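Here are some notes for a colleague coming to this structure for the first time. Please read them with the model open.

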Amino acid sequence: MLCLDLGDRDETLGWNAARNPKLRKGEGMSQKVIDLLNAARARELTAITQYMAQHYELEDRDFGKLASQMKEIAIQEMKHAEDLAERILYLRGEPTTKPDAGIKKGQEIGEMLSTDIALEQQAVKMYNEAAVVCSEEKDQISKRLFEKLLGEEEEHLNIFENLKDHIEKLGAPYLATLTGE
Ligand SMILES: [Fe+2]
Ligand SMILES: [Fe+2]
């Protein structure tokens, strides 16, 4: 726990101060929790970039239906990144703007889905662990946020696994159902 005595220097805290004027930097916040929220945000930024890239590639290849699904999930990840930023700001942290990994391009659909499954599995693991730490740090709001995200990542994981499974079992006839508008 940081304990900074900022005295009358509150104005140096900048625009974050507007988010929670009652909370001074270092007061009632856990740097550990802020770091976890930021690690999660970096992961979300990677997922957004990856799914949007896949969305464009799938559109190009005429898999419009699958492309729309990717876009929808990317938008959900954007909301996650924003929820995490709001919480980080409330705790007087600085939301990261950097994804935590590069993205893959030019993959076949099966490979794309494997990439996405891995991203979601990592997020599920990360958020499960983060929720436990938030509990230890007595930050129930951050814990609930991680639990909410966790539920949605599990849904994404389920969607990607089902798609991959159907493609493997049914092949071209199933792929044909993912084309068009
Ligand atoms: Fe997410
Ligand atoms: Fe996700």
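1. Start with one helix pair. The axes of helix α3 (residues 109–136) and α4 come within 8 Å and cross at roughly 160 degrees. An angle over 145 degrees counts as roughly antiparallel, and α3 and α4 are therefore roughly antiparallel to each other. Their crossing is left-handed. Sorted by class, the contact of α3 with α4 has 16 nonpolar, seven polar and eight charged residues. Bear in mind that this is a predicted model.

2. Now step back to the whole chain. How many helices and strands are there in the protein? The count is five helices and zero strands. Read from the N terminus, the order is α-α-α-α-α. Of the 181 residues in the protein, 28% are buried.

3. Take the contacts between residues at least 6 apart in sequence: 74% of them join residues at least 24 apart.

4. Which residues of α3 are buried? They are Met-112, Leu-113, Asp-116, Leu-119, Glu-120, Ala-123, Tyr-127, Ala-130 and Cys-134. The cover over the buried residues of α3 includes α1 and α4. Just past the end of α3, Lys-138 takes a positive phi of about 60 degrees.

5. Helix α4 has another partner to check. The axes of helix α2 (residues 64–90) and helix α4 (residues 140–170) come within 11 Å and cross at roughly 170 degrees. Hence α2 and α4 are also roughly antiparallel to each other. From α2, the contact is made by Ile-73, Gln-76, His-80, Asp-83 and Arg-87. From α4, Ser-142, Leu-145, Leu-149, Glu-152 and His-156 take part. By class, the residues of this α2 and α4 contact divide into three nonpolar, four polar and three charged.

6. Helix α1 covers residues 31–60. Does its length agree or disagree with what its residue count predicts? At 1.5 Å a residue, its 30 residues should span 44 Å, and the end C-alpha atoms are 44 Å apart, which agrees. After α1 comes Asp-62, whose phi is positive, near 75 degrees.

7. Within α1, find Met-52. Is Met-52 buried, exposed or partly exposed? Met-52 has 18 C-beta neighbours inside 10 Å. A residue needs 20 or more to be buried and 12 or fewer to be exposed, so Met-52 counts as partly exposed. Met-52 and Met-70 are 18 residues apart in sequence, and their C-alpha atoms are 6.9 Å apart in space.

8. Finish in a loop. Where is Thr-97 found? Thr-97 sits in the loop between α2 and α3. Why does Thr-97 count as exposed? Because it has 10 C-beta neighbours inside 10 Å, and the cut-off for exposed is 12 or fewer. Thr-97 and Arg-41 are 56 residues apart along the chain, yet 8.2 Å separates their C-alpha atoms.

Key: Residues numbered from 1 in each chain as written. Chains lettered and ligands numbered in written order. Predicted model: local features only at pLDDT ≥ 70, side-chain atom pairs only at ≥ 80, totals over all residues. Helix = DSSP H or I, 4+ residues; strand = E, 2+ residues; numbered from the N terminus. Contact = placed C-beta atoms within 7 Å. Expected span 1.5 Å × (residues − 1). Axes fitted to C-alpha atoms, helices over the stretch in contact; angles between N-to-C directions. Parallel < 35°, antiparallel > 145°, perpendicular 65-115°, else oblique. Nonpolar A, V, L, I, M, F, W, Y, C, P; charged D, E, K, R; others polar. Left-handed = near helix turned anticlockwise from the far one by under 90°.
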